[in-house]
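User: Could you take a close look at one part of this model for me, a pair of strands and what surrounds them? I would like the cut-offs spelled out as you go.

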Amino acid sequence: MKLNSILKRKGYSKIKLKKINTNHFEIEAKLNGVNGRFILDTGASNSCVEITLAIKFKLKVTDSETKAAGAGAIGMETKIAQKNTIKLKDWKFKNLNLVLLDLTHVNTALTEHHAETVDGIIGADILEKGNAIIDYKNKCVYLEKLVFKH
């Protein structure tokens, strides 16, 4: 039996990934009802959004004492936005906390390799929440649909 069939029967959503020129996977998501383009990054502990896009994605931003590091940049100022809704195809999570930071270094690296800029990064927090299974061969990620008990 194929992986796709098994996982669909177990309640997983299949989400297509697009491989871009930098060999990263790009994923489309709706954040608070607004379409966005993100990179899937298993090494990013938290999902994040470009800080200048807070209004676009309807984020309620608060200050953070935490400094961020990653992708060649360290000590970056961050802000946080709590209780956001993210939708990846038909997988949905309604209580997502996001880190907002300057992603200029990421987008500069992308454009230097003739790839389009992204709005943010889907990190391990979402992948863990959805018990993610990444299928590199077929360029997709499976996320287990969340069932909330009332």
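Analyst: Strands β1 and β11 (residues 140-144) run antiparallel to each other and are paired over 5 bridges; strands here are DSSP runs of E of at least two residues, helices are runs of H or I of at least four, and both are numbered from the N terminus. Two strands are called paired if DSSP finds at least two bridges between them. Across this pairing, K16 sits opposite C140 in β11. The model is a predicted one, where local features need pLDDT of at least 70 and side-chain atom pairs count only at pLDDT 80 or more, while totals for chains, interfaces and linings use all residues. Residues are numbered from 1 along each chain as its sequence is written, and side-chain values use heavy atoms, with hydrogens and water left out.

The pair belongs to an open sheet of 3 strands, antiparallel in its pairing and ordered β1-β11-β10. Because β1 and β10 (133-135) are edge strands with a single partner each, one side of each has no neighbour in the sheet. From one strand to the next, the twist averages 25°, taken from axes that are lines fitted to C-alpha atoms, with angles between N-to-C directions running from 0 to 180 degrees.

Now to a residue within β1. S13 lies in this strand, which covers residues 12-16. S13 counts as buried because its relative accessibility is 2%; buried means under 20% relative accessible area, exposed over 50%, and partly exposed in between, using a 1.4 Å probe and protein chains only. The side chains of S13 and D90 are joined by a polar contact of 2.6 Å. Such a contact is a pair of N or O atoms within 3.5 Å; within protein, one must be able to donate a hydrogen and the other to accept it, and residues adjacent in sequence count only if both atoms are side-chain atoms. Leaving aside residues up to four places away in sequence, S13 touches D90, W91, V141, Y142, L143 and K145, where contact means heavy atoms within 4.5 Å.

In the largest nonpolar core, which has 27 residues, L59 and I86 touch the most other members; a nonpolar core is a set of buried Ala, Val, Leu, Ile, Met, Phe, Trp, Tyr and Cys residues joined through side-chain atoms within 4.5 Å. Among the elements that give two or more residues to this core are β7 (73-88), β8 (91-101) and β11. The most come from β8, with 5 residues. W91, one of the residues touched by S13, is also among those touched by I86.
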